[in-house]
Amino acid sequence: MKPPCYEYVAPDTLAGALRVRAESEDSVVLAGGQSLVPTLNFRLANPDTVIDLRRVAELATIDTRDGMIRVGAMTRQRTLERNDAVLARNPLIRETMEYIAHPVIRNRGTVGGSVAHADPASELPCLLTLLDGELTARSSAGARTIPAAEFFEFVFTTALEPEELLVEVAFPVLEPGEGWAFREFARRHGDFAVAGAGATLLLDDAGRIARARLAACGVATTPVRLRAAEEALRGVEPGSEAFRAAGELARDAVTTVDDTAASADYRRHLLSGLVNDVLTRAAARAGGPR
Amino acid sequence: MNGNHGTNHLDAEPVDGDTRYGPDDRIAISLTVNGEKVEAAVSPRLLLSDFLRGDLGLTGTHVGCEHGVCGACTVHLDGVPARSCLTMAVQVDGMEVRTVEGLAGSDGTLHPVQRAFRECHGLQCGFCTPGFLMAVTHLVENEELAETDDGVRAQLAGNLCRCTGYMGIVAATRRAAAEIASKG
Amino acid sequence: MSTRQFGARVQRNEDARLITGRGRFVDDLPLDGVLHGAFARSAVARGRITHLDTTAARALPGVHRVYTHADLGELDVTMPLLIPHPCIGHPRTQYPLAHEDVYHVGQAIAFVVADDRYIAEDAARLIEIDYDILPVEVDPAKAALDGAPLVHEDVPNNIAAHLVQVSGDPDAAFAAADHVTRIQVRVDRSTAAPMECLSTAARWDAVSGELTVWDGTQAPIGLRGALSSLFDLDEDKVRVVAPDVGGGFGPKIVFPYSNEILVPFAAKDLRRPVKWVEDRSENFVHMTHERTQIHDIELAATSDGVVLGLRDTFLHDTGSFIPYGIAVAQVASTQIAGPYRIPAIHVTFDCVYTPTVPVTPYRGCGRPQANFAIERAMDQLAAELGIDRFEIRRRNFITPDEFPYTRPDLVFADGLPVTLDSGRYDDALAALEKALDLDAIRAEQEQARAEGRMLGLGLSFYVEGTGLGPYEGAKIRLHPITGKAYVNTGLTAQGQGHETAWAQIVADQIGVRPEDVIVVEGDTGVFDWGVATFASRAAVVSGNAVHIAAVSARARIAQAAANMLEADPDDIELADGRAFVRGTTSRGVTLAEVATMSNPLRYAFNKAAQTATQFAPTARSTGKPLPDGERPGIEVSEYYSPPHATWAYGVHAALVEVDPVTCDIDVKRYVCVHDCGNMINPMIVEGQVAGGVAQGMGGAFYEKLEYDENGVLRNASFMDFLVPYATEVPHIEMIHLETPSPLNPLGIKGVGEAGTIPVGQVIASAVEDALSPLGTPPVRQVPLSPSAIHDLLRQARVNV
């Protein structure tokens with residue numbers, strides 16, 4: 001289990017990195033390495049070129065202004081998780097990130113690395129899907145912003161072009177009074193989720209649900225928004241009946257297959273329970289200043 | 001030693017941002033390992049675990065899975081635990097690395113975590129032990145130890161032990177944390 | 001006098017190096033000029049190699065040699081069947097490197113030796129291998145049916161071995177029964193997953209003709225014998241060293257693996273040290289597996305729950321080869337009646353070839369499966385007869401006055417009929433009930449059920465034949481300079497703490513501190529009579545050999561000290577590293593002096609030697625410096641051979657709650673009562689039991705190797721094969737009983753495997769108890785998983 005041969009570049013600047021990216025036929029990006037290096041060690045990946053971003057200091061930033069939490073792709077997961085300004089603006093980020101593997105992995109793992117890896121069971125892609133986050137891709141030709149809904153295309157597959165780099169991940173802040181919750185289940189602590197679900201809940205002045213957002217991971221080839229359940233919740237009184245029904249809609253909306261981690265039936269059952277649970281907890285947190 | 005990946009290549013130079021290194025090229029790195037300055041020339045694909053073990057002879061860091069699950073290879077990078085099997089040697093250029101060999105004092109005085117592992121039977125075969133010692137040392141020196149048994153177990157998750165059933169490791173973690181707390 | 005060390009919680013001698021990074025595992029050994037190996041392995045389960053080309057691999061810079069079977073000469077033979085048995089009708093073992101046929105994914109086909117492991121792996125990938133893929137059947141039940149694809153063309157129905165054993169008169173017992181219960185149960189495939197994978201390094205000394213092999217094995221002496229035979233070398237020209245070994249749990253007892261042939265072969269061929277360390281992905285498809293058995297068990301009982309007879313027919317999946325014989329199936333078959341009197345037993349098994357990694361013992365060795373079968377059947381019998389699960393067990397226990405209790409014609413792995421030596425089964429169950437506080441638990445359960453929560457209690461009682469012979473030995477030598485004792489045995493340790501346990505035994509006899517007893521094992525260069533570390537036998541067999549040797553050493557020390565002090569040997573006491581005349585501690589000598597004095601060659605190297613020479617020549621040695629029949633120095637070797645196995649036992653229980661959303665289980669309490677006879681070191685015993693329970697939890701809920709229909713292992717990584725973290729193992733409440741074995745001087749029974757055996761049943765029984773009010777079907781299979789629990793709940797909903 002040793003990495004294969006590859007060409008290696010460690011550019012000093014983003015511009016340099018983009019140049020290498022453009023010049024390379026088949027390059028992968030070494031950010032924190034916590035997903036890439038295992039695939040290299042198993043030789044599941046045999047890239048021609050590894051672009052190591054560790055020296056590109058301009059990508060390790062967190063900016064919490066203007067209703068968006070803009071996180072440079074090379075920001076370590078543990079840094080984002082422990083940032084108090086982030087917590088104040090969107091506490092769902094920390095709750096979600098605590099499910100990512102273990103602290104020792106989050107110490108090295110980067111936000112951009114996890115997002116660009118696009119494992120359908122992983123947390124940050126699910127969170128971005130839930131919050132309608134935005135991703136900024138750069139190439140030598142310029143930058144473009146991609147909505148999360150369009151970014152995750154398939155297992156380990158994103159909308160990034162071969163010459164592009166993911167440079168920034170933007171999480172919208174929560175609305176005042178918006179309730180939130182994330183929960184996932186893995187058979188063993190810290191493993192990739194069998195299934196996970198996140199919810200936000202905004203109530204109107206009458207206490208009815210003005211906006212519910214629901215997303216799930218681990219149940220499809222990408223993170224998914226559970227639109228049917230969201231629709232059903234709009235204008236409804238929050239409560240166990242509504243949330244259980246939403247869970248059932250979520251369950252019926254996904255089709256999965258049996259794998260070594262779970263049977264399809266069980267996974268769908270699990271999802272319905274998780275949806276119910278995150279809605280219940282999000283409702284308990286909803287309210288406050290409006 | 002374990003191969004020639006990090007052997008001294010006199011012509012190796014520090015990494016240059018514009019250079020594309022081939023698999024047979026060597027890149028000069030400079031780092032601190034257990035307080036000592038180390039200069040070496042490494043292949044771009046050399047894992048930190050193999051560099052420490054093979055090139056520096058620090059075989060206390062063990063390799064149990066090479067995919068980041070078992071934690072046996074855990075070392076500290078700039079004071080923070082990391083998997084040395086998921087880190088390339090070239091990535092730690094300029095960093096401070098601490099391994100199990102650097103836990104005890106220079107006079108051989110054991111770290112409280114090391115003592116606690118012996119006193120509480122926190123090891124059997126000893127293969128996973130270096131990784132646990134590094135993880136637990138960071139935990140008790142930098143984090144707040146959970147109050148419940150389940151909480152401590154959650155803090156220990158990320159390192160596999162196949163021998164002890166974790167009872168001794170949980171006890172050792174508590175003992176070491178208590179000793180460090182009592183010293184303020 | 002010193003305090004007694006036997007039975008004390010002595011901290012371990014081996015820890016000092018292991019907590020400071022100074023352990024020496026095979027991969028840690030600094031071997032100058034070492035080359036590194038990597039294997040090319042079969043990508044298909046059953047196939048015929050049509051094209052094998054190593055040209056590109058050989059041409060890669062840094063590659064020294066690439067070996068295929070054609071290069072092995074006289075080593076190109078099938079490996080020995082280590083433990084033959086007349087019932088093995090079709091024994092098949094593997095070649096070191098595959099010929100035309102491959103039999104499982106992962107089978108070794110070629111071996112690359114290169115400057116480093118990176119290049120060796122690069123080269124292994126350049127080896128071109130094409131196969132004709134043959135049909136496979138990986139399910140042992142289907143593989144044994146007519147028309148199933150054959151693993152070995154000439155083995156009908158894939159049946160490697162078939163054995164029938166009958167004890168008592170089962171037909172009469174079933175005819176006399178009021179009630180018969182039947183259940184089919186299954187335990188799935190698992191792997192030991194030691195933290196250190198397999199590893200071998202070798203050095204050939206062309207001048208002396210000596211081969212040294214460092215190997216992460218449980219059986220260095222056995223491997224030495226195999227290598228000297230295969231390489232046609234004198235045994236004293238082959239030295240096998242098992243240095244620190246990172247966990248064993250059974251699969252490291254098997255030899256020789258391909259690496260144990262190829263690494264020494266390459267070292268000899270290339271005249272360079274060679275090393276190969278198995279990586280984790282190889283470990284899953286190369287190191288042997290265990291566990292898959294399907295039992296059809298029947299119990300014949302009276303209406304008040306007394307079991308009169310047992311019939312069990314089971315299939316044992318032996319994988320693609322049977323290098324270790326029927327050990328696993330035989331152990332399962334002989335432990336099938338558990339702690340129960342059951343006077344009539346009919347047990348039959350078939351060992352079935354499947355195109356998978358070969359199966360050999362893994363901690364428990366068939367006992368977890370047998371325990372699962374008998375205890376699932378006992379639970380079912382209790383339910384059908386309306387008898388409490390604790391009570392029905394109590395009614396069937398062998399009572400203390402019935403020991404020794406023999407099961408005639410049921411032959412254990414030592415070739416002798418099962419004879420349980422001692423036990424207090426009723427006391428163990430009572431201790432469990434007390435620790436649990438059954439009344440409180442039942443009230444809690446009632447409350448939980450009223451709230452719609454799924455809370456359940458499960459239990460399992462196991463017995464374990466431990467301490468198999470034929471023998472072990474020990475050498476004790478007193479060092480003349482330090483007065484420290486050096487102890488060697490033929491065993492090796494993989495974490496069991498021999499360096500401490502043996503030291504305690506010796507310390508008690510010769511009056512030194514345990515840290516002044518230095519134990520060196522696992523090196524055929526220091527002691528080469530012995531068997532190996534397996535079958536929970538080390539403490540029983542080696543421990544008693546060490547004790548006998550220590551008694552003998554004590555006598556020699558007393559005699560030598562008596563000579564020096566002009567006293568009667570019977571009046572000599574040993575304590576605090578000194579020998580002195582009883583009652584007069586001032587009249588004494590140090591053990592260093594005794595050791596020096598007992599050797600007539602006495603250079604005055606140091607103070608001890610100078611002191612010793614003052615006494616020479618002693619009054620009693622008037623003749624030759626070394627009288628006829630005497631030996632120089634304090635050095636003894638003694639052996640212990642057990643009459644038959646000692647039977648440890650215990651009972652575990654768990655209180656679990658099933659989460660309705662995740663279908664996960666929360667083990668709220670785990671209580672273990674066990675009896676391994678007298679304990680040398682309770683701290684080490686507790687570690688063994690806890691580690692066993694953790695592996696048992698793996699087998700009960702998390703760890704299941706899954707082959708797909710093509711014979712490809714689907715979860716060959718630590719990401720997908722779920723070895724528990726601390727979060728997946730419960731806190732264990734442990735209660736020790738100590739009923740001495742009457743069979744050996746120290747009264748010891750083995751404990752290494754104990755913790756693992758009952759856990760599958762404990763969890764199955766608890767989950768069944770939690771779910772049963774909903775009308776779920778019986779739990780017939782482990783490991784359980786959330787998906788399996790969900791399926792049980794779904795079936796209950798269908799039933800409603």
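Predicted model: local features only at pLDDT ≥ 70, side-chain atom pairs only at ≥ 80, totals over all residues.

Student: Which residue of S12(A) is the bridge partner of Phe185(A)?

Tutor: Phe185(A) belongs to S11(A), where it points the way that Gly179(A), Ala181(A) and Arg183(A) do. Across in S12(A), its bridge partner is Ala195(A).

Student: And which residue of S13(A) is the bridge partner of Gly196(A)?

Tutor: Here we look at the pairing of strand S12 (residues 195-203) with strand S13 (residues 209-217), both of chain A. In S13(A), the partner of Gly196(A) is Cys217(A).

Student: How many residues of S11(A) are buried?

Tutor: Take the two sides one by one. Gly179(A), Ala181(A), Arg183(A) and Phe185(A) point one way and are buried. Trp180(A), Phe182(A) and Glu184(A) point the other way and are buried too. The count for S11(A) is seven of seven.

Student: Which residue of S27(C) stands opposite Ala654(C)?

Tutor: Let's walk across the sheet. S18(C) and S26(C) pair in the antiparallel sense over 13 bridges, and in S26(C) the partner of Gly458(C) is Ala654(C). S26(C) also pairs antiparallel with S27(C), over ten bridges. There, opposite Ala654(C), stands Tyr670(C).

Student: How many residues of S18(C) are buried?

Tutor: Both faces of S18(C) are covered. Buried residues on one side include Met454(C) and Tyr462(C), and on the other they include Leu455(C) and Phe461(C). For residues 454-466, the count is 13 of 13.

Student: Why is H19(C) described as largely enclosed by the rest of the structure?

Tutor: Helix H19 (residues 759-771) of chain C reaches 18 Å from its first C-alpha to its last, close to the 18 Å expected. It is called largely enclosed because of its buried residues, which number 13 of 13.

Student: What do the buried residues of H3(C) pack against?

Tutor: Helix H3 (residues 117-126) of chain C is mostly covered, with eight of its ten residues buried. Among them are Tyr118(C), Ile119(C) and Ala123(C). They pack against these elements of chain C: strand S1 (35-41), helix H2 (55-59), strand S3 (63-67) and strand S5 (108-114).

Student: Which helix gives the most to the side of chain C that touches chain B?

Tutor: This contact takes 45 residues from chain C and 50 residues from chain B. Helix H1 (15-18), H3 and helix H18 (682-702) of chain C each supply at least two residues of chain C's side. By class, that side has 20 nonpolar, 14 polar and eleven charged residues. With six residues, the one that gives the most is H18(C).

Student: And which helix gives the most to the side of chain A that touches chain B?

Tutor: That contact takes 27 residues from chain A and 25 residues from chain B. Two or more residues come from each of strand S1 (7-9), helix H2 (36-41) and helix H6 (103-108) of chain A. The one that gives the most, with four residues, is H6(A).

Student: Last one: which domain does UniProt place at residues 20-135 of chain C?

Tutor: The span is 13% helix and 29% strand, and its end C-alpha atoms lie 52 Å apart. The UniProt record, an unreviewed entry, names this domain "Aldehyde oxidase/xanthine dehydrogenase a/b hammerhead".

Terms used. Residues numbered from 1 in each chain as written. Chains lettered and ligands numbered in written order. Buried ≥ 20, exposed ≤ 12 C-beta atoms within 10 Å, placed from the backbone. Pairing = 2+ DSSP bridges. Contact = placed C-beta atoms within 7 Å. Expected span 1.5 Å × (residues − 1). Nonpolar A, V, L, I, M, F, W, Y, C, P; charged D, E, K, R; others polar. UniProt positions renumbered as here; feature names shortened; annotations may be inferred.
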